[in-house]
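Visitor: Hi, could you walk me through how some helices and aromatic rings sit in this one? Here it is.

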Amino acid sequence: MTPAPITEHFVRAPGHETFYLQCGPDDGPLIVFVHGWPELSLSWRHVLPCFGAMGFRAVAPDMRGYGRSAAPRERHDAYAQEQVVGDMLALVDALGVDKAVWVGHDWGSPTVWNIASHHPERCHAVASLCIPYRTVELGMENLVTLVDRNVYPEDRFPWGQWAYMQFYREHFERATSVFDADPRALIQTIFRRGKPAHLGTLSPNARMMEDNGWFGGAERAPDLPRDHAVLSEAELCAYAEALARNSFFGPDSYYMNDAANRAYAERAVNGGRLDMPVLFIAGRYDVACE
């Protein structure tokens, strides 16, 4: 069977423009794949043809701040979850669809959880990779209660593996400048397979505050060899070009709306209970979310 082609599109709504990839028939049931940090619609490149071939209208947007979607640079609150949810609802409105199956990963997960909990009438079902419901969308105050203190003693690691999130809040310009210094090296460094031996050990993220940032406090990401099993050279170039063009202000600003995101999550309908079908898939070697 010849794979269904992936096509490129734009949706323009008041105050925002969203680029998206699509595969499958226009009249198929809509399934929307929502990426996280620091990714692109391209992250779903292997998934879209599979669902398109099954008859779904499979769509993956560049999220606000990424790729060919609008990337405001003036204010962190442009990246609060309520704003991002609004982008996704405007997207499906423009597609002429009332309901979708929503699939999220990383920062895409709190977005699809928020869509399900605030707009259940827009959901056939919701799925999340790596991020369980009512975790990231409730902010750091909630996340630190989930830290395994056998691995991360509170006296040394008060934020546990989530210290990198706190680092954004206290040192945003420092964090962003390290990524902006060499986006290509960053993608080569972090886009790689998980390592079973790292399970149950300290995440490097836990040392973020004492190291003054990523990569042991370096001024840029190290120049590691590309993981050929994860990225082709063309894919690496696509990520690097998009992130260099937009800068990391937008992607990193997702971490800067803790209080607003928590207040938004607490306004969920039905007490936050989800009655639609739900799927959660954990990353087996995801040390950060272990």
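This is a predicted model: local features need pLDDT of at least 70, side-chain atom pairs count only at pLDDT 80 or more; totals for chains, interfaces and linings use all residues.

Visitor: At roughly what angle do the axes of α5 and α6 cross?

Guide: Roughly 110°, and the axes come within 5 Å. Axes are lines fitted to C-alpha atoms over the stretch in contact, with angles from 0 to 180 degrees between N-to-C directions. Helix α6 is residues 172-181; helices are DSSP runs of H or I with at least four residues, numbered from the N terminus.

Visitor: Which residues make the contact?

Guide: Phe167, Tyr168 and Glu170 from α5, with Phe172, Arg174, Ala175 and Phe179 from α6; contact here means heavy atoms within 4.5 Å. That gives 5 nonpolar, no polar and 2 charged residues.

Visitor: Switching to aromatics, how many pairs does a search of the whole structure find?

Guide: It finds 22. Rings of Phe, Tyr and Trp (its six-membered ring) pair if their centres lie within 6.5 Å; planes under 30 degrees apart are stacked, over 60 edge-to-face and the rest tilted. Trp162 and Tyr164 form a tilted pair, 6.5 Å centre to centre with 40° between the planes.

Visitor: Is Tyr164 buried or exposed?

Guide: Buried, at 11% relative accessibility, and Trp162 is buried as well, at 7%. Buried is under 20% relative accessible area, exposed over 50%, partly exposed in between (1.4 Å probe, protein chains only). Tyr164 also forms an edge-to-face pair with Trp214, at 6.4 Å centre to centre and 80° between the planes.

Visitor: What does the Tyr164 and Trp214 pair tie together?

Guide: Tyr164 lies in α5 (163-170) and Trp214 in the loop between α8 (208-211) and α9, so the pair ties together parts 50 residues apart in sequence.

Visitor: And how do α7 and α9 cross?

Guide: Helix α7 (residues 183-190) and helix α9 (residues 233-246) have axes that come within 8 Å and cross at roughly 130°, so α7 and α9 are oblique to each other.

Visitor: Which α7 residues meet α9?

Guide: Pro183, Arg184, Ile187 and Gln188. Their partners in α9 include Leu236, Tyr239 and Leu243.

Methods. Residues are numbered from 1 along each chain as its sequence is written. Side-chain values use heavy atoms; hydrogens and water are left out. Helices (H or I, at least four residues) and strands (E, at least two) are DSSP runs, numbered from the N terminus. Angles under 35 degrees count as roughly parallel, over 145 as roughly antiparallel, 65 to 115 as roughly perpendicular and the rest as oblique. Ala, Val, Leu, Ile, Met, Phe, Trp, Tyr, Cys and Pro count as nonpolar, Asp, Glu, Lys and Arg as charged, and the others, Gly among them, as polar.
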